[in-house]
There are 2 protein chains.
Amino acid sequence: MDSKCKQNVYIGLLHYPVYNKRMDVISTSVTNLDIHDIARISCTYNVKRYYVIHPLDTQRNLIRDILDYWQQGYGATYNSDRKAALDRVALIPGLEETKEAIRKETGAVPTVVTTDARIYPNTITYRDLRRQLRDGSPYLILFGTGWGIEKETMLKCDYILEPVYGAGEYNHLSVRSAVAIIMDRLLGEDWWS
Amino acid sequence: MDSKCKQNVYIGLLHYPVYNKRMDVISTSVTNLDIHDIARISCTYNVKRYYVIHPLDTQRNLIRDILDYWQQGYGATYNSDRKAALDRVALIPGLEETKEAIRKETGAVPTVVTTDARIYPNTITYRDLRRQLRDGSPYLILFGTGWGIEKETMLKCDYILEPVYGAGEYNHLSVRSAVAIIMDRLLGEDWWS
């Protein structure tokens, strides 16, 4: 593990339980570029590990094939930078298992932070969370796929990050873009100062 | 055009002339999610238009099929938010044509800004460019695909944005992630204040 910064941040990408367009609770299929793009973001911002969370064996096998190709197969030789990024990815069946894996690795249960387009009582600003991350305790930043994380799971999170507001009223970034922007706000250099 | 903010920013995604891994000058194939993700970012940050720049007919036909599906086909009915995003996308053969289209629309030749992992004499900081954009004149923020924009084209740009530094030494974000982070730094809300 790189120890250049004292923050102890993990990313989780949740494929179940999430909503579909009709607000049914479903599991989503994995998107190849969610694996690659978020792995590269994790490497850039020194995120300790990026957990791809999926409970279904068929999808887990597919994800494992992709990871194997880039971690040990031809991809690792063809593009060693990509191998470095995908080496941060771990495959795990659920949120509880993710929290437990982080607890085993760090000795502490992580603070779980997620994002939502709505405002909650436990909403936290980017400025405050950025400062809080410097305490060095483990944080899991959890992102949902599909039409958002199921409500009961949302309620179990310690904090909800306020939405990313753009200049307009449109609020439909891809999860890949949201992860990029949020990690830059939480862990990027102080470019504005 | 939405007039909520006075900035007059355009995005260009250049597929030629760019380098491949061996530093040959090539044109790259289009990536479907480059169209979608950057269109959604453009809508979020109120970018006036997102130009997908490709000189080859075969690739342009493919891009046009994708745009038609979401602008007029089944996609437009299935997901109207996506239609709203893809309506900002324009297909154009080259950089000069892009500058000319912006000049026709705004009455002024745009200031062209690009990004690179190296530092140049005309490098500009995010803080300074963010401030400068408020002058309301047109700016084209140009992104490259492949292994970066060909050198002669780089030299024609008015400014080069400094690299996005993360916490580590890894500097290989996808172009989709780079666009998300850079647009947030240039046009996002003052979340840090």
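Predicted model: local features only at pLDDT ≥ 70, side-chain atom pairs only at ≥ 80, totals over all residues.
Residues are numbered from 1 along each chain as its sequence is written, and chains are lettered from A and ligands numbered from 1 in the order in which they are written.

**Where the copies meet**

Contact here means that the C-beta atoms of two residues, placed from the backbone, lie within 7 Å. By that rule, 37 residues of chain A touch 37 residues of chain B. On the chain A side, the elements giving two or more residues are α1 (32-44), α4 (80-86), α6 (126-132) and α8 (175-187). Helices (H or I, at least four residues) and strands (E, at least two) are DSSP runs, numbered from the N terminus. And 100% of the interface residues of chain A are also interface residues in chain B, so the copies meet through the same surface.

What sits at the crossing of α8(A) and α8(B)? A:R176, A:S177, A:A180, A:I181 and A:D184 meet B:R176, B:S177, B:A180, B:I181 and B:D184. The two helix axes come within 8 Å and cross at roughly 50°; axes are lines fitted to C-alpha atoms, for helices over the stretch in contact, and angles run from 0 to 180 degrees between N-to-C directions. α8(A) and α8(B) are therefore oblique to each other (under 35 degrees counts as roughly parallel, over 145 as roughly antiparallel, 65 to 115 as roughly perpendicular and the rest as oblique).

Within chain A, α1(A) and α8(A) pack at about 5°, with their axes 10 Å apart. That makes α1(A) roughly parallel to α8(A). In this pairing, A:L33, A:D34, A:D37, A:I38 and A:I41 of α1(A) meet A:V175, A:R176, A:V179, A:A180 and A:M183 of α8(A).

Here is how the residues divide. Ala, Val, Leu, Ile, Met, Phe, Trp, Tyr, Cys and Pro count as nonpolar, Asp, Glu, Lys and Arg as charged, and the others, Gly among them, as polar.

| Side of chain A that touches chain B | 17 nonpolar | 10 polar | 10 charged |

**The sheets**

Chain A has an open sheet of 7 strands in the order β5-β4-β1-β8-β6-β9-β7, with parallel pairing. Two strands pair if DSSP finds at least two bridges between them. β5 (89-92) and β7 (123-124) of chain A stand at the edges with a single partner strand each, so one side of each is left without a neighbour in the sheet. Further in, β1 (residues 8-14) and β4 (residues 49-53) of chain A pair over 5 bridges, and A:L13 stands opposite A:V52 in β4(A).

Over in chain B, β4 (residues 49-53) and β5(B) pair in the parallel sense over 4 bridges, with B:A90 as the bridge partner of B:Y51. Helix α2 (residues 57-71) of chain B lies across those two strands, running at about 160° to β5(B).
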